[in-house]
Amino acid sequence: MGLTVQESPVLGSEEVIMETEVKSKEAEPLGEDAEKGDTETTSHTDAENATTQDSSISNGDDADDDDKREMVDLKIIWNKNKYDLKIPVDNTGAKLKESIHSLTGLPPAMQKVMYKGLLPEDKTLREIKITNGAKIMVVGSTINDVLAVNTPKEVIQQEVKAEENKKEPLCRQKQHRKVLDKGKPDDIMTAVKGTKERLPTVPLSGMFNKSGGKVRLTFKLEQDQLWIGTKERTEKVPMGSIKNVVSEPIEGHEDYHMMAFQLGPTEASQYWVYWVPAQFVDAIKDTVLGKWQYF
């Protein structure tokens, strides 16, 4: 027991030392934990900063997207057709022409774009103050339209014929009915439907003119003249001055035609002759206009 008492201070001292060491050793993990805690805190802070930066960048992108999404709805009108076009309001007039090309096939170089005057190519739609629903007028011809100008004469004449066929027959028009309603003249020459004959050596007579008076046609080939004779006078017309000759069968009397000689630059100068025998119609046209003409 005594030894125990005497050694006890030493043991106690040793115990104290041991306890101190244990505490020291126990404190070390606390220090590591603290460092870990600091590291985690720093990591969280860095993460938060990164998130803030990312958020700032993201907001910037959204702002750009908002600008890109600012569009304007336009109504493009070209060649009697209407097209709907949605385009960024900050696009230039040149960009607008490219969009019109995609819609219509009309090349930008051949476009004349109108909005309160000729639309400038170097300004944006915003600068021009174009708003939603604005109507943009476009004038211009496609390559095919330009090439069509060189269509052979025969094709054009066929198209003219087709267009004339769509119109109301001449013999039904009021201005001609008042003459045709008088009926066929008693002394008219005999007509033969469905045949073609050369011009007779005598004048074509017994026909009516627009005023309902009698008229005769004499073809002076040696003088290259057409003599149009009435009771009052005879007009000698050079065949080269006659611009056109048109004719149409008379309904109900298809063996006779009504015929017009265009003596001036417009149709207002047409001289009408009624009840022309059908067998002479082609010969009259060939003689007056020349066989190279097709009507």
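These are my notebook entries on what I looked up in this predicted model.

**Ground rules.** I number residues from 1 along each chain as its sequence is written, and my side-chain values use heavy atoms, with hydrogens and water left out. Since the model is predicted, local features need a pLDDT of at least 70 and side-chain atom pairs count only at pLDDT 80 or more, while totals for chains, interfaces and linings use all residues.

**Confidence.** I looked up the pLDDT, the predictor's confidence in each residue from 0 to 100, and found that the protein averages 77, with 66% of the residues scoring at least 70.

**Overall make-up.** I counted seven helices and 11 strands, where helices (H or I, at least four residues) and strands (E, at least two) are DSSP runs numbered from the N terminus. Of the 295 residues, 30% count as buried, which means under 20% relative accessible area, with exposed being over 50% and partly exposed in between (1.4 Å probe, protein chains only).

**Helix H7.** I listed the buried residues of helix H7 (residues 281-289) as Val 281, Ala 283, Ile 284, Lys 285, Val 288 and Leu 289. What covers them includes strands E5 (204-209), E6 (214-220), E9 (244-250) and E10 (253-262), as well as E11. After H7 comes Gly 290, whose phi is positive, near 100°.

Gln 270 is found in strand E11, and I asked why Gln 270 counts as buried. Gln 270 does so because its relative accessibility is 19%. Not counting residues up to four places away in sequence, Gln 270 touches Val 246, Ala 260, Phe 261 and Gln 262.

I next looked for aromatic pairs, in which rings of Phe, Tyr and Trp (its six-membered ring) have centres within 6.5 Å, with planes under 30 degrees apart counted as stacked, over 60 as edge-to-face and the rest as tilted. The count comes to two aromatic pairs. Tyr 256 and Trp 275 are edge-to-face, at 5.8 Å centre to centre and with 70° between the planes. This pair links distant parts of the chain, as Tyr 256 is in strand E10 and Trp 275 in strand E11, 19 residues apart, and both residues are buried. Trp 272 and Tyr 274 are stacked, at 6.3 Å centre to centre and with 25° between the planes. Trp 272 counts as buried at 6% relative accessibility, and Tyr 274 is buried with a relative accessible area of 0%.

**Charges over rings.** For a charge to sit over a ring, NZ of Lys or CZ of Arg must be within 6 Å of the ring centre and within 35 degrees of the ring normal. I found the charged end of Lys 182 over the ring of Phe 208, 4.7 Å from its centre. Lys 220 lies over the face of Trp 227, at 4.6 Å from the ring centre.

Methods:
Contact = heavy atoms within 4.5 Å.
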